[in-house]
Amino acid sequence: MKRIGIIGSGSIGAAVARLAVAAGWEVLIANSRGPASLSELVEELGPLARAGDVREAVGFGEIPLLAVPLAAYPNLPQDAFAGKTILSTGNYYPHRDGRIEQLDSLATTTAEYEQALLPDTRIVKAFNNILFTHIPNLAGSTPRTALPIAGDDSDAKARVSELVDTLGFDTVDAGTLAESWRFEPESGGYTQIYAADLDAFRADYLSDPGAPLPADRLVEILATAHRADVGARQF
């Protein structure tokens with residue numbers, strides 16, 4: 001049976017956990033507040049899910065999913081992650097993370113910054129450009145919806161692509177971590193590309209059901225993406 005450890009029980013972590021359980025995977029979820037805080041989510045997910053601590057989640061499956069704010073990275077047990085391929089879903093939101101000069105100045109992408117904070121790992125970005133509400137609605141869609149991935153290790157990207165495929169999405173290789181800005185916030189490759197109605201999405205994004213986005217269309221979107229003025233980002 002396949003297994004995945006998920007660090008972070010927020011909207012994205014929980015959404016992916018639901019997909020994994022629906023696909024018949026065992027799931028172990030951890031967060032900064034401890035296993036007791038996860039009782040409701042684990043009960044909802046059913047017998048394939050359990051709660052644990054971060055170290056348990058990292059070692060539970062081959063590829064842990066990391067869905068925590070950038071500010072939480074210094075508190076992660078770096079030694080537990082050493083040698084691992086990590087599926088990172090994170091983005092830089094200054095209102096939550098505080099201002100980070102390396103990101104504001106475009107000296108590095110969020111993915112490269114994460115890689116520097118966890119140097120003995122292979123970071124692969126995925127699920128960071130799609131709303132948590134669109135994840136269950138578009139998993140297994142017809143036509144299949146595609147998500148971009150980025151990473152510096154081709155084998156790690158292939159393994160993450162296989163994981164994402166099992167959860168119901170195609171993938172498009174968006175390049176290296178240095179090129180991952182193509183699907184960061186405000187780039188043109190971010191959440192609104194999955195909207196069913198763009199005007200309604202802008203008015204109330206949480207009510208938008210989402211619409212399938214096939215791989216060939218995602219390739220076109222990524223090719224025309226622009227690097228956002230990260231220093232001006234407020235959200």
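The side chains of D79 and R55 meet in a salt bridge, with N to O at 3.0 Å. A salt bridge here is a side-chain nitrogen of Lys or Arg within 4 Å of a carboxyl oxygen of Asp or Glu. D79 sits in helix α4 (residues 78-81) and R55 in helix α3 (residues 54-60), so the pair ties together parts 24 residues apart in sequence. This is a predicted model, in which local features need pLDDT of at least 70, side-chain atom pairs count only at pLDDT 80 or more, and totals for chains, interfaces and linings use all residues. Residues are numbered from 1 along each chain as its sequence is written, and side-chain values use heavy atoms, with hydrogens and water left out.

**Terms**

- Helices (H or I, at least four residues) and strands (E, at least two) are DSSP runs, numbered from the N terminus.
- Buried means under 20% relative accessible area, exposed means over 50%, and partly exposed lies in between (1.4 Å probe, protein chains only).
- Contact means heavy atoms within 4.5 Å.

**Salt bridges**

- The whole structure holds 13 salt bridges.
- Side chains of opposite charge can pair when their charged atoms come close.
- In the D79 pair, D79 is exposed, at a relative accessible area of 53%.
- K125 belongs to strand β6 and E114 to helix α7; the pair links distant parts of the chain, eleven residues apart. Both K125 and E114 are buried.
- D170 forms a salt bridge with R144, and their closest N and O atoms are 3.0 Å apart. D170 lies in strand β8 (residues 170-173) and R144 in the loop between α8 and β7 (146-151), so this pair ties together parts 26 residues apart in sequence.
- D170 is partly exposed, with a relative accessible area of 27%. R144 is also partly exposed, at 26% relative accessibility.
- A network of salt bridges links R3, E26 and R50.

**Helix α1**

- Helix α1 covers residues 11-22, twelve residues that should span 16 Å at 1.5 Å a residue; its end C-alpha atoms are 17 Å apart, which agrees. The expected span is 1.5 Å times one less than the number of residues.
- Nine of the twelve residues of α1 are buried, so the helix is largely enclosed by the rest of the structure.
- The buried residues of α1 are I12, G13, A14, A15, V16, A17, L19, A20 and V21.
- Their cover includes β1 (3-7), β2 (26-30), α2 (39-45), β4 (65-66) and α8 (134-138).

- A23 is in the loop between α1 and β2. A23 is partly exposed, at 38% relative accessibility.
- From A23 to L76 the separation is 53 residues in sequence and 28 Å in space, C-alpha to C-alpha.

**Helix α7**

- In helix α7 (residues 110-117), the buried residues are T110, A111, Y113, E114 and Q115.
- What covers them includes β5 (85-88), α6 (101-104) and β6 (122-125).

**S161 in helix α9**

- S161 is found in helix α9 (residues 154-166). At 17% relative accessibility, S161 counts as buried.
- Leaving aside neighbours within four places in sequence, S161 is in contact with I149 and T171.
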